[in-house]
Amino acid sequence: MVTGVIRAYLAKRLPPNPAWHFKLAELAAAALMVECARIDGEFTEEERGAICRAVEEQLRLDEETAECLVGVAERREDSVWHDWLFTETIKKSFDEIDQLAVIRRLWEVALADGTVHPFEESLIARIASELDISEEVVDRRLAIALRRHPSLTSVVFDAATRPSR
C-alpha cells in the first residue's frame, strides 16, 4: 500500500519521459544520497562524484546511466517535502543487506569532503532508525566507509555541535 502511495505521488511529479527506466528504489537511494550531500548547505563536486560512484557500484550502472539517475534524484529530492517517502521505499524494496549498503553509501557521501557535518550524521542516524538499523551497526558501516577511503587520514566530527544519539 505504501509503495502504491509513493508511486502515485512520484508519478504526479515526474515529467513524462519515454526514457524513464529507473526503479523507484534506485531513485530513492540516490535521492537520500543527494539529501545527505546537501544537508550541510554545500553540495561539492566531491560529494556528487561520491554519489555517482556509489550509484554505479550499488546499482551496477554504467557511468552515463548513473549520472542520469543522480540528476533525476537531484530534481526529485528538491520536490519531495520529506525523506520519509524515500526511506519507506528503501525499507519496502531493499533487503537487509542492501539497506545496510545504503547506510554505508550515505557515510561515503558524508565523508567525501573530509568533514562529517552534524546534520549529515543526524540524517544518517535518523534514516537508519527508520530502517530499524541499530546505532552499533551504523557505526560499523561508518568504519567500513572509512576503510574504503584510504586517502582520508582524518575525518573531522564537530564535537561541539555533534547531535547526541
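**Notebook: H3 against H6**

I started with two helices: H3 and H6 pack at an angle of about 160°, their axes 9 Å apart. Helices here are DSSP runs (H or I, at least four residues), numbered from the N terminus. Axes are lines fitted to C-alpha atoms over the stretch in contact, with angles from 0 to 180 degrees between N-to-C directions.

I noted that this is a predicted model, where local features need pLDDT of at least 70 and side-chain atom pairs count only at pLDDT 80 or more, while totals for chains, interfaces and linings use all residues. Residues are numbered from 1 along each chain as its sequence is written, and side-chain values use heavy atoms, leaving out hydrogens and water.

H3 and H6 are therefore roughly antiparallel (that label is for angles over 145 degrees).

Next I looked up who meets whom. Contact means heavy atoms within 4.5 Å. On the H3 side I found Ala54, Glu57 and Gln58 among the residues meeting H6, whose own list includes Arg105.

Then I zoomed in on arginine 105, which sits in helix H6 (residues 96–111). Is arginine 105 buried or exposed? Arginine 105 is buried, because its relative accessible area is 5%, and buried means under 20% (1.4 Å probe, protein chains only). Its side chain makes a polar contact of 3.4 Å with the side chain of glutamine 58; such a contact is a pair of N or O atoms within 3.5 Å, one able to donate a hydrogen and the other to accept it. Leaving aside neighbours within four places in sequence, I also found arginine 105 in contact with Met33 and Arg148, among others.

Conventions:
Buried means under 20% relative accessible area, exposed over 50%, partly exposed in between (1.4 Å probe, protein chains only). Angles under 35 degrees count as roughly parallel, over 145 as roughly antiparallel, 65 to 115 as roughly perpendicular and the rest as oblique.
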